[in-house]
Amino acid sequence: MIFTNVNDELQNSSLTKDIQFCIDYATKNKDEILSLKNGSYDIDYNGIKMNVGKYFTKKEEDKFWESHKKYLDVQIMIDGSERVAINDIRNMREKSFDSERDLVILEGNKLFDIVIGNGDVLVFFPNDVHKPELDIFNSENEEKCEDNKKIVTKVVFKIEIGK
C-alpha cells in the first residue's frame, strides 16, 4: 500500500508513470470529476479506467473486505473524508472471486484504519485488503454514527498489473 497526497511532489515523483498520471489527472480535472455521475470512465491513457463514486460513508459492518488480482487501485479523495480499514491478504480468508469484476471478497479482522481527506491518495496492490467508504467515527451509538455520515466524491483508477 502507498499513502500520499496529490500535493506531495517529492513522494509522487518516485511513483510509476501510470500512478503519477492518475494523480495529475485527478488534480487537473477536479471540477469536471465533481460534475460527473457515478460510473466508469475511459480516460484514454494506457488502458486506465476511472471509476467515480459519490456516496454516503457507511458503518463498518455494512461493507465487505475486498482485494483485486489483475488491477492496482489508485484511490483519490476528491471531496470529503472517509475511513478505510486495512489488512494483508495473508491474514484473511478468501470467500469468493469475481474474475469479470476483478473482485476478491475476503473475511477476517482489520489490522488498522486510515482516514483519508481531500487530495489523499491510496494505492492498493493485490495483497492490500481494504474496506473503504467507512464512517470516520464507528460508534456503537447508532445516533452518533448517523450524525457522522458524510457524502464524499472519490475516484478509483484501475491500472492493469504488469502492463
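Predicted model: local features only at pLDDT ≥ 70, side-chain atom pairs only at ≥ 80, totals over all residues.
1. The structure holds three aromatic pairs. Two of them, both involving Phe21, are taken up in the next points.

2. Take Phe21 and Tyr25 to begin with. The planes of the Phe21 and Tyr25 rings meet at 35° and their centres are 5.8 Å apart, so this pair is tilted. Both residues belong to helix α2, which covers residues 17–28. Phe21 and Tyr25 are four residues apart there, or about one turn of the helix.

3. Now follow Phe21 to its other partner, Tyr45. Here the ring centres are 3.9 Å apart with the planes at 15°, so Phe21 and Tyr45 are stacked. The cut-off that matters is that planes under 30 degrees apart count as stacked. Phe21 sits in helix α2, while Tyr45 sits in the loop between β2 (39–42) and β3 (49–56), so the pair ties together parts that are 24 residues apart in sequence.

4. Phe21, with a relative accessible area of 21%, is partly exposed. Tyr45 is also partly exposed, and its relative accessible area is 29%.

5. Two lysines deserve a glance alongside the rings. Lys63 places its charged end over the ring of Phe64, at 5.5 Å from the ring centre. Over the face of Phe97 you will find Lys69, 4.3 Å from the centre of that ring.

6. Next, the largest pocket. Its space comes to about 430 Å³. Which residues lie closest to its centre? Of the 18 lining residues, they are Asn51, Glu66, Glu133, Val156 and Lys158.

7. The lining of the largest pocket can also be read by element. Those that give two or more residues are β3, β5 (71–79), β11 (128–134) and β12 (151–160). Strand β3 gives the most, with four residues.

8. By class, eight of the residues are charged, six are nonpolar and four are polar.

Note on methods: Residues numbered from 1 in each chain as written. Heavy atoms only, no water. Phe/Tyr/Trp six-rings, centres within 6.5 Å; stacked < 30°, edge-to-face > 60°. Buried < 20%, exposed > 50% of the residue type's maximum accessible area, 1.4 Å probe, protein only. Lys NZ or Arg CZ within 6 Å of the ring centre and 35° of its normal. 1 Å grid on protein atoms, 1.4 Å probe; cavity = no way out; pocket = protein on both sides within 12 Å on 5 of 7 lines; lining within 4 Å. Points joined across faces, edges and corners; volume = space filled by probe spheres on them. Nonpolar A, V, L, I, M, F, W, Y, C, P; charged D, E, K, R; others polar.
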